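Please look over the sequence and the model shown below. The briefing that follows sets out the terms it uses and then goes through the structure by topic.

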Amino acid sequence: MTDQTYCDRLVQDMPFLTGHGRLSEQQVDRIILQLNRYYPQILTNKEAEKFRNPKASLRVRLCDLLSHLQRSGERDCQEFYRALYIHAQPLHSRLPSRHALQNSDCTELDSGSQSGELSNRGPMSFLAGLGLAVGLALLLYCYPPDPKGLPGTRRVLGFSPVIIDRHVSRYLLAFLADDLGVL
């Protein structure tokens, strides 16, 4: 699904966009004017007048515009989606092709979590681990262990950087550098 071109997406979204009440007359006019004014190579003045003709129904004009863009090519379809996003953002976010792309992105992420790459434990477990680490750091900072009282404590702290991430290990080694001769 992620290899979908803008023309493919437009084919998929055409029934949704041409549905009754999806796009208002003003939104369609703004999209046509943007494609005509900012990108005159996409819609010429004559084509823009044809698609803005109030004698034809909105649905017919929109179908003709979308068919013309599909025939014009990929870049024209992409500019249509850009104009749709600018002038009808709520509708753009509900497009069927966008939901298909989002679902395929979620599927790719889900496959990563099954292999253990992503954690789904939530923010509370992160905060609990962070709180424990900060508490231990404060305990060691405020009450440094007495080398005479518990001689094995310095040895455990000396090997803990091997287990802990290298960024944290720098701080632990700096803390232990003063009393390494005591061991």
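Contact means heavy atoms within 4.5 Å. This is a predicted model, in which local features need pLDDT of at least 70 and side-chain atom pairs count only at pLDDT 80 or more, while totals for chains, interfaces and linings use all residues. Residues are numbered from 1 along each chain as its sequence is written, and side-chain values use heavy atoms, with hydrogens and water left out.

**Overall fold**

- The protein has ten helices and zero strands; helices (H or I, at least four residues) and strands (E, at least two) are DSSP runs, numbered from the N terminus.
- Of the 183 residues in the protein, 29% are buried, where buried means under 20% relative accessible area, exposed over 50%, and partly exposed in between (1.4 Å probe, protein chains only).
- Among contacts between residues at least 6 apart in sequence, 64% join residues at least 24 apart.
- The protein exposes about 12,600 Å², of which carbon and sulfur atoms supply 58%; accessible areas come from the Shrake-Rupley method with a 1.4 Å probe, and for residues only the protein chains shown count as cover.

**Helix α2**

- Helix α2 covers residues 25-37, and its end C-alpha atoms are 18 Å apart, which agrees with the 18 Å that its 13 residues should span at 1.5 Å a residue; the expected span is 1.5 Å times one less than the number of residues.
- The buried residues of α2 are Q27, V28, D29, I31, I32, L33, Q34, L35 and N36.
- These buried residues pack against α3 (45-51), α4 (58-72) and α5 (74-87).

**H92 in helix α6**

- H92 lies in helix α6, which covers residues 89-93.
- H92 counts as buried because its relative accessible area is 8%.
- Apart from neighbours within four places in sequence, H92 is in contact with Y81, L84, Y85 and R98.

- M124 lies in helix α8 (residues 123-142), and M124 counts as exposed because its relative accessibility is 62%.
- M124, F126, L127, L130, V134 and L138 make a nonpolar surface patch of about 630 Å².
- Patches are made of residues with over 30% relative accessible area and no salt bridge, with like charges joined within 9 Å and nonpolar side chains (Val, Leu, Ile, Met, Phe, Trp, Tyr) within 5 Å; a salt bridge is a side-chain nitrogen of Lys or Arg within 4 Å of a carboxyl oxygen of Asp or Glu.
- An unreviewed UniProt entry places the feature "transmembrane region" at residues 124-143; such annotations may be inferred rather than shown by experiment, feature names are shortened, and positions are given in the numbering used here.
- Over residues 124-143 the chain is 95% helix and 0% strand, with the end C-alpha atoms 28 Å apart.
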